[in-house]
Amino acid sequence: MERPADILKVDKLGKTFSVSAGLFARPLTLTALEDISFSIRQGETLGIVGESGCGKSTLGRCILQLLTPDSGRVLWMGEDIASLPKEEMRKRRRDLQIIFQDPLASLNPRMTVGEIIADPLRTLMPELDAAARRAKVLKTMEAVGLLPEMINRYPHEFSGGQAQRIGIARALITDPKLIVCDEPVSALDVSIQAQILNLLADLKDAFGLTLIFISHNLSVVRHVSDRILVLYLGRMVELAEGDDLYAAPRHPYTRALLTAVPIPDPVRARQRSIDGLEGEIPSPINPPSGCTFRTRCRFAIGLCAEQRPTLESTGTGLVACHRWRELELPAGA
Amino acid sequence: MEKVLSVHDMSVTFSLHQSEVRAVSELDFALARGETLAVVGESGSGKSQAFLAIMGLLARNGHASGRAMLGDVNLIGMAPDALDAYRGRDIAMIFQDPMTSLNPSLKVRTQLAEVLVRHQKMDQARAHKGVIDMLERVGMPEPVKRANAYPHELSGGMRQRVMIAMALLCRPKILIADEPTTALDVTVQAQMLDLFKSLTQDFGTALVLITHDLGVVAGLADRMMVMYGGRAVEKGTTDELFYDPRHPYTLGLLHSTPHVAKRARRLDPIQGLPPSLEHLPSGCAFHPRCAFRFDTCFAKRPPLAALETGREKACWVDGPLQRQAVA
């Protein structure tokens with residue numbers, strides 16, 4: 001079977017932020033991402049999961065160059081997009097779009113729905129005239145399930161689910177190849193969340209999109225993703241096919257995350273044992289030595305404090321744990 | 001079972017500029033000692049407003065009617081001063097975002113001790129000891145150190161523990177938790193749900209869990225009340241509603257919930273949007289979104305009626321719903 005081509009490659013990406021420690025104190029360095037490498041195939045959905053502060057949103061923004069990485073490269077169809085001249089980069093921006101979590105907060109309240117959706121066209125496809133823009137807006141609105149008469153309304157007249165459809169239309173209007181979905185359904189009601197997830201699946205099929213789906217909700221990520229990347233304190237701890245990750249998690253953190261997900265099935269929920277994680281995520285300003293997960297890991301040994309585990313191939317995926325070969329982790333859920 | 005709270009015919013209305021909106025209509029339910037009742041619904045279902053009304057915390061333009069009996073005391077319509085004798089002592093409420101419920105300028109121990117000084121007439125020294133004990137009980141790491149911290153110095157999970165500790169200081173009979181874990185990471189959420197479970201068992205506290213997350217409900221609740229458009233549309237045990245839902249809305253919620261252990265190609269969501277309370281549909285408020293609707297549903301609102309097993313539903317469709325495999 002021929003493997004589809006890699007459309008995006010992230011190579012040793014790193015990002016730090018400088019954090020004020022007080023008026024006269026030397027600023028502290030927060031390591032948001034460290035040594036992130038993976039690639040995405042054409043047409044694939046890659047899920048990125050982790051707890052708050054793990055760097056998942058920062059990673060999405062670095063890929064789109066909305067944040068400038070400190071180190072490493074992002075290769076879009078083989079080209080390092082950070083090194084592209086401005087004009088070239090603008091062309092690439094058509095290909096790379098993003099959908100945000102809070103739909104209403106990410107829409108300008110003083111623009112009409114039509115203006116919001118058309119906005120990317122003004123900079124990214126300036127060659128289109130007004131009539132062509134309007135036609136494109138209407139076509140995109142139809143694709144995401146918005147009625148044509150909504151074109152002159154304002155965002156506040158819409159519910160969260162409809163507002164997210166507007167956000168999706170805005171991302172879709174430039175005919176992108178890849179969309180980063182950053183917690184796109186977290187702010188929505190359950191029934192609306194399911195509608196939007198179905199919509200994303202339909203659009204993906206219809207337009208041949210590649211998706212990066214960032215979420216803290218593992219049930220949602222599981223539902224949409226082909227492969228899943230697990231981040232902890234800005235580092236990759238596991239990358240695997242969705243089915244493998246859920247059936248046989250290799251990293252103790254992945255396993256703990258999976259067993260913590262509430263299951264909407266009372267009998268199974270009562271039966272299962274949660275692999276409870278003690279404590280909370282440590283500060284990324286002063287991360288633990290060696291394996292950053294060791295402070296919460298019940299399998300940690302001396303080596304874990306001394307040496308950072310490198311990513312090793314499991315045959316079907318990658319895992320960063322000194323003990324992954326010897327640990328028998330039961331299925332996650 | 002000993003009833004700690006029984007609510008009869010409770011409605012909540014809000015006066016707007018020129019109209020009145022009914023957020024909760026004719027709610028009836030009871031809560032037994034030590035049980036966990038999940039109140040499930042989406043935005044605008046009235047699930048939060050119903051319990052804010054019981055706590056006397058409605059916005060100024062809100063008005064509640066009916067009865068909410070705590071023993072032989074009716075909490076509805078009681079003056080705030082009189083309510084203060086029961087709030088915090090017998091019935092306590094915690095919210096989704098703990099930061100908005102904690103005073104940012106007071107140390108944790110100061111705001112927690114106030115509860116004991118006020119309700120239990122403790123002196124400061126005993127109150128502070130009580131605070132540390134309770135923080136320890138709710139699983140706060142390094143409770144003495146955290147007690148001396150300000151809320152902003154704590155993580156989200158720790159703040160929620162402070163809220164729970166504060167709510168439990170007087171060993172209330174009833175704890176109302178409004179989306180208590182929605183803002184938390186899954187691992188912290190799991191810790192919180194564990195904590196709730198042990199607290200209801202150890203203290204006999206009755207827990208009301210207001211949520212839209214059926215995963216949380218499945219692991220914690222004994223009984224469920226599903227609300228739509230301000231009314232209870234289905235009530236029963238958690239198992240009854242999950243494995244044999246009789247209201248199409250309950251079924252729709254189950255179909256909309258992704259399951260971590262199974263990957264379905266598509267979810268089967270409820271069509272359309274939740275209704276606006278100002279313009280509730282005629283007849284059954286759910287009919288515009290309902291796959292099972294027929295003529296009667298447009299014209300007449302189905303009453304909440306008891307089925308043979310004691311469970312209740314408000315729907316004109318008879319018997320079990322034809323359902324595909326749920327979850």
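The buried residues of α7(B) are B:Val186, B:Thr187, B:Val188, B:Gln189, B:Ala190, B:Gln191, B:Met192, B:Leu193 and B:Phe196; a residue is buried if 20 or more other C-beta atoms, placed from the backbone, lie within 10 Å of its own. The model is predicted: local features need pLDDT of at least 70 and side-chain atom pairs count only at pLDDT 80 or more, whereas totals for chains, interfaces and linings use all residues. Residues are numbered from 1 along each chain as its sequence is written, and chains are lettered from A and ligands numbered from 1 in the order in which they are written.

Helix α7 of chain B spans residues 186–203; helices (H or I, at least four residues) and strands (E, at least two) are DSSP runs, numbered from the N terminus. Its 18 residues reach 25 Å from first to last C-alpha, close to the 26 Å expected at 1.5 Å a residue, the expected span being 1.5 Å times one less than the number of residues. The cover over the buried residues of α7(B) includes α7 and α9 of chain A, together with α6, β8 (206–211) and α8 (214–220) of chain B. After α7(B) comes B:Gly204, with a positive phi near 70°.

The contact between the chains takes 38 residues from chain A and 40 residues from chain B, two residues being in contact if their C-beta atoms, placed from the backbone, lie within 7 Å. On the side of chain A that touches chain B, α6(A) gives the most, with 8 residues.

The largest nonpolar core has 187 residues; such a core is a set of buried Ala, Val, Leu, Ile, Met, Phe, Trp, Tyr and Cys residues joined through C-beta atoms within 7 Å. A:Ile212, B:Ala53, B:Ala165, B:Val208, B:Leu209 and B:Val217 touch the most other members. Helix α6 (residues 156–168) of chain B gives the most to this core, with 8 residues. Beyond its neighbours within four places in sequence, B:Ala53 is in contact with residues including B:Met10, B:Val24 and B:Ile76.

B:Ala177 belongs to strand β7 (residues 174–178) of chain B. This residue counts as buried because 25 C-beta neighbours lie inside 10 Å. Residues up to four places away in sequence aside, B:Ala177 touches B:Ile94, B:Leu207, B:Val208, B:Leu209 and B:Ile210. B:Ala92, 85 residues from B:Ala177 in sequence, is 8.5 Å from it in space, C-alpha to C-alpha.

Technical notes:
Buried ≥ 20, exposed ≤ 12 C-beta atoms within 10 Å, placed from the backbone.
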